[in-house]
Every structure is written in C-alpha cells, then in structure tokens.
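Please look over the model below. My notes follow as numbered points.

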Amino acid sequence: MSDAKAHEPRAEKGTSRTSPVTFLRQVIAELRKVVWPTQKQLVTYFIVVMVFVLVMMTIVSLLDLGFGRLVFWAFTGGTN
C-alpha cells in the first residue's frame, strides 16, 4: 500500500516557487535567529572534538595493527 499523495508533483499542491530575493531574505532572517557560540565556547568545543578524534584514531590504529598482525600470523603459520 503506497501513499499516492506522497508522489504528487509540486504544482498540484497549489504552491508556487519562491523568488531568489525572497529566499535570500528568509535565509538572512533565519540566520539572525541563530545563537552563535562565544569564542570561549568555540575553543572548548574545538578542543573536545580534537581530543575525541585523537582517541578514536588511536583505537582504530591499535585495532588495525592487532588485526594486521593476527592475519599475518594466520597466513604465515605462526612464524616470523
């Protein structure tokens, strides 16, 4: 059971296209509503993201190294 209304073209809904000028005005109006972070918040968020990325890089690197050695060991018969 598919919903026939979900596949209707836009023209049948009675809406018209927004002019580029109106669209730009609406974008600017929405951007004015945004609560921008302070510099202190921005630095804090940056540090948190960098620490998280470094931790994840370390985990992935260690897993890659471990699985690589395991596969090497499996295909060489356990010898170096």
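1. Gly77 comes directly after helix α2, and its phi is positive, near 80 degrees. Helices here are DSSP runs of H or I with at least four residues, strands are E runs of at least two, and both are numbered from the N terminus.

2. This is a predicted model, with pLDDT of at least 70 required for local features and 80 or more for side-chain atom pairs, while totals for chains, interfaces and linings use all residues. Residues are numbered from 1 along each chain as its sequence is written, and side-chain values use heavy atoms, without hydrogens and water.

3. The chain has 2 helices and 0 strands. Helix α2 covers residues 39–76, 38 residues in total. From first C-alpha to last it reaches 55 Å, close to the expected 56 Å. The expected span is 1.5 Å times one less than the number of residues.

4. UniProt, in an unreviewed entry, lists residues 42–63 as "transmembrane region". Its positions follow the numbering used here, feature names are shortened, and annotations may be inferred rather than shown by experiment. In the model, this span is 100% helix and 0% strand. Its end C-alpha atoms lie 32 Å apart.

5. Helix α1 runs over residues 20–33. Its 14 residues should span 20 Å at 1.5 Å a residue, and the end C-alpha atoms are 20 Å apart, so the two agree. The number of buried residues in α1 is 0, so this helix lies largely in the open. Buried means under 20% relative accessible area, exposed over 50%, and partly exposed in between (1.4 Å probe, protein chains only).

6. Ser19 sits in the segment before α1. Its side chain makes a polar contact of 2.9 Å with that of Thr22. Such a contact is a pair of N or O atoms within 3.5 Å; within protein, one must be able to donate a hydrogen and the other to accept it, and sequence neighbours count only if both atoms are side-chain atoms. Ser19 counts as partly exposed because its relative accessibility is 35%.

7. Which side chains meet in a salt bridge? Those of Glu30 and Lys33, at 3.1 Å, N to O. The structure holds 1 salt bridge (a side-chain nitrogen of Lys or Arg within 4 Å of a carboxyl oxygen of Asp or Glu). Glu30 and Lys33 are 3 residues apart in α1, so about one helical turn separates them. Glu30 is partly exposed at 46% relative accessibility; Lys33 is exposed at 60%.

8. Of the 80 residues of the chain, 0% count as buried.
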